[in-house]
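Subject: Structure handover

Hello,

Here is the structure I said I would pass on. Please look through it before reading my notes below.

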Amino acid sequence: MKTKACIFDLDGVVVDTAKYHYLAWKKLAKKLGFDFNESDNESLKGISRMQSLEILLEIGGISIVQAQKEEYAEEKNNWYKEFLAGITHEDMIAGAEEFLTEVKARKIPTALASASKNANMVLEKLNISKYFDAVVDVSKIKRIKPDPELFLTAANMVGVESQYCCVFEDAQAGIDGALAAGMKVIGIGDPSVLKGADIVIPDFTNFKFDLLP
Ligand code: B16
Ligand code: MG
């Protein structure tokens, strides 16, 4: 069954912003007095800001009231946005722009399915909206990854049935969501970390559309 639409996650797939989410969470952990490493960060990838904060606080053994949580989430987001202010095309995942260009040249529909409320800012900053026929507005989604809603909405927006969609994801929550949507998945990252994907690649270097299932 050949792929008829490509659905891309943003952070860690198109742009190397996953590291900036990590650095901002690490900064918050430091402020709260505990260490937070890359392995801890794996479980925060692809999920919402508030859910990420809950996990971070659990790791640090910290219990606080809701108003304080909102304050910390905002603080993390402000640090993350400071990193975003400096991003350039150098921050794109290796080979991502070439792969997107090939997919567009083949007239394969594309969608962006990111859990980030900052997604549009990143697209505008790098002028890469042109690669996507549809961008799912995460504020209109009720359930995010690992729920399949984000991916099903993206498929619906480009008018392609799930079984013909291929999702590109760097987070286990995203891979699980894409599989639950009945889609094929290409993991971007480390095969010893990402489970269930059809293929796992480190980045898009030399990756071509014909290699898709
Ligand atoms: P924000 P993606 C996700 O983006 C990130 O992987 C995740 O780390 C982040 O918590 C989430 O967006 C929410 O982001 O705080 O900017 O709204 O990987 O789905 O593109
Ligand atoms: Mg991601």
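Two strands count as paired if DSSP finds at least two bridges between them. Please note that this is a predicted model.

By that criterion, strand 4 pairs with strand 5 (residues 184–188) in the parallel sense, over four bridges. Within strand 5, Ile-186 is the bridge partner of Phe-168. To get from strand 4 to strand 5 the chain passes through helix 8 (residues 172–180), and this β-α-β crossover is right-handed.

Strand 4 also pairs with strand 1 (residues 5–8), again in the parallel sense and over four bridges. Here Ala-5 stands opposite Cys-165 of strand 4.

- Ile-47: a backbone N or O atom lies 2.9 Å from an oxygen atom of ligand 1.
- Ala-115: a backbone N or O atom is 2.8 Å from an oxygen atom of ligand 1.
- Lys-145: a polar side-chain atom sits 2.8 Å from an oxygen atom of ligand 1.

Ligand 1 exposes 460 Å² when taken alone, and the protein buries 98% of that.

Regards

How values were computed
Residues are numbered from 1 along each chain as its sequence is written. Chains are lettered from A and ligands numbered from 1 in the order in which they are written. This is a predicted model: local features need pLDDT of at least 70, side-chain atom pairs count only at pLDDT 80 or more; totals for chains, interfaces and linings use all residues. Side-chain values use heavy atoms; hydrogens and water are left out. Helices (H or I, at least four residues) and strands (E, at least two) are DSSP runs, numbered from the N terminus. A crossover is right-handed if, with the strands pointing away from the viewer, the path from the first strand over the helix to the second runs clockwise. A polar contact is a pair of N or O atoms within 3.5 Å; within protein, one must be able to donate a hydrogen and the other to accept it, and residues adjacent in sequence count only if both atoms are side-chain atoms. Accessible areas come from the Shrake-Rupley method with a 1.4 Å probe; for residues, only the protein chains shown count as cover.
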